[in-house]
Amino acid sequence: MVLDMERAVSFYKKWNMLPAGTLVLCAVSGGRDSMALLHLLLDMAEKGGFRVAAAHFNHRLRPTADRDEAFVRDWCRARDVPLVCGIGDARAFARQAGTSLEDAARTLRYQFLESTADRLGAERIATAHHREDNAETVLLHLLRGSGLQGLGGIPPVRGRIVRPLLEMGREDINSYIQMNSIPFVEDETNRDTAFTRNRLRLEVLPLLEEISPGCGGRIAGTAALLREEDCHLRREAEALLPESGGGEQVLPAPLLGRQDPAMGRRLVRTMGRRLGVELSRSQVEAVLALSSGGYLDLPGGLCAVRQPHRLILRKRTVLPPPLVLQMGAQDWGPWRVVVRPGGPAAENDRTVVLKACPGTLTIAAWDGRGRLAVENGSRTIKRLFADRGIPVECREEHPALHLNGVPAAVFGVATDWEHRPRPGEGCLVIELLM
């Protein structure tokens, strides 16, 4: 069996993967699949009118990693193929990011490919994912619990990343390697079943093929169908959701109430995507479960606010770390903070008056804790916010003052009775200026 060139050409043309006049950056590990892809791209480049460069990333995960890099360098040098090599510490990145070694390696690799493509001016990045890779991905997402997007597997095109071999099977690629005498190196970790994907490839998929021959191709075909349906539903949600701006997305409650649960989830997920955050299923469900007046912090600096007539997703105000205040003016986040001595003055949402006393005065975002003594007794700051009718989503606009680490006042809310000036006592006036 030989790699079906007509089928391969038809596939990449259908998805406009390799336009004439472009530079295509081919990701090359030195393994069987990526060497077949690089050879195929070079073979098609002149007729297709595009140029090819190669990129190799050394994850430093095994003793033979440098051997693989040297192999790719030698092969590309012998054929005058432009090559860029990168290096990274996947183990250290996994520890720092708190993620799996597989995910860490993938993140570093794609960061390298994207930055290299930027530097070279490459319009496309080609990777060697094939049909069985796609089936493995679908099974992996199914085991983890996924919606349509995950069950859609590997997309043929994602941004400028293209997968020309995605409809080709492993047997097709092996035949192409043999027919063209293409050398490659073996990654010994590909046999390590401690990695979930390897176990799926080496143990689970072969067993499924015994039970139902050809199932890998059918799984990949089902993934393609699910991707199409996912794209359709995304378009439907985009068309339904009103345009918003200013770092927030607004969904009118009557519009949400008319949707079935599936489209309701789609609308919330679309709101998150417009703000640059991919929300998980559980996060979407938590947003939809908010009652009127509810508030929820979300990943990516987002928060959700449910009001009687609308649901809002917005970017949270990110306030800077605490700042020790000095006499005079100083900048803290969006504010200019002015500290000056003075006599009794009227307090307002942007002015606090404290009695002058020794100690360290600090301004900070309210951390959700603390109490203040007021006229009718000691109250939690959270209760004081509620008594003032200040919505949860607006509370970051009211920073707190601490004296020697203890809350002394919250702008626009209350000043602790102990720190209020008495007649004849010296005062400090602290003002927030935008």
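User: In this predicted model, is Ser-181 buried or exposed?

Analyst: Ser-181 sits in the loop between helix H8 (170–179) and helix H9 (196–211). Exposed means over 50% relative accessible area. Ser-181 has 63% relative accessibility, so this residue counts as exposed.

User: And what about its backbone, where is phi of Ser-181?

Analyst: Ser-181 is a residue other than glycine, yet its phi is positive. The value is near 50 degrees.

User: Which loop holds Asp-80, and what is its relative accessible area?

Analyst: Asp-80 isn't a glycine either, and it has a positive phi of about 55 degrees. You'll find Asp-80 in the loop between helix H3 (65–78) and strand E3 (83–87). The cut-off for exposed is over 50%, so Asp-80 is exposed, with a relative accessible area of 71%.

User: Zooming out, what radius of gyration does the protein have?

Analyst: The C-alpha trace spans about 95 × 50 × 45 Å along its principal axes. For a compact globule of 434 residues you'd expect a radius of gyration near 22 Å. The protein itself has 30 Å.

User: What share of contacts between residues at least 6 apart in sequence joins residues at least 24 apart?

Analyst: The protein has 14 helices and 21 strands. Take the contacts between residues at least 6 apart in sequence: the share joining residues at least 24 apart is 67%.

User: How far apart are the mean positions of the positive and negative charges?

Analyst: The protein carries 57 positive and 53 negative charges.

Note on methods. Residues numbered from 1 in each chain as written. Predicted model: local features only at pLDDT ≥ 70, side-chain atom pairs only at ≥ 80, totals over all residues. Heavy atoms only, no water. Helix = DSSP H or I, 4+ residues; strand = E, 2+ residues; numbered from the N terminus. Rg over C-alpha atoms; globule rule 2.2 N^0.38 Å. Contact = heavy atoms within 4.5 Å. Lys, Arg positive; Asp, Glu negative; His and termini not counted. Charge placed at Lys NZ, Arg CZ, Asp CG, Glu CD. Buried < 20%, exposed > 50% of the residue type's maximum accessible area, 1.4 Å probe, protein only.
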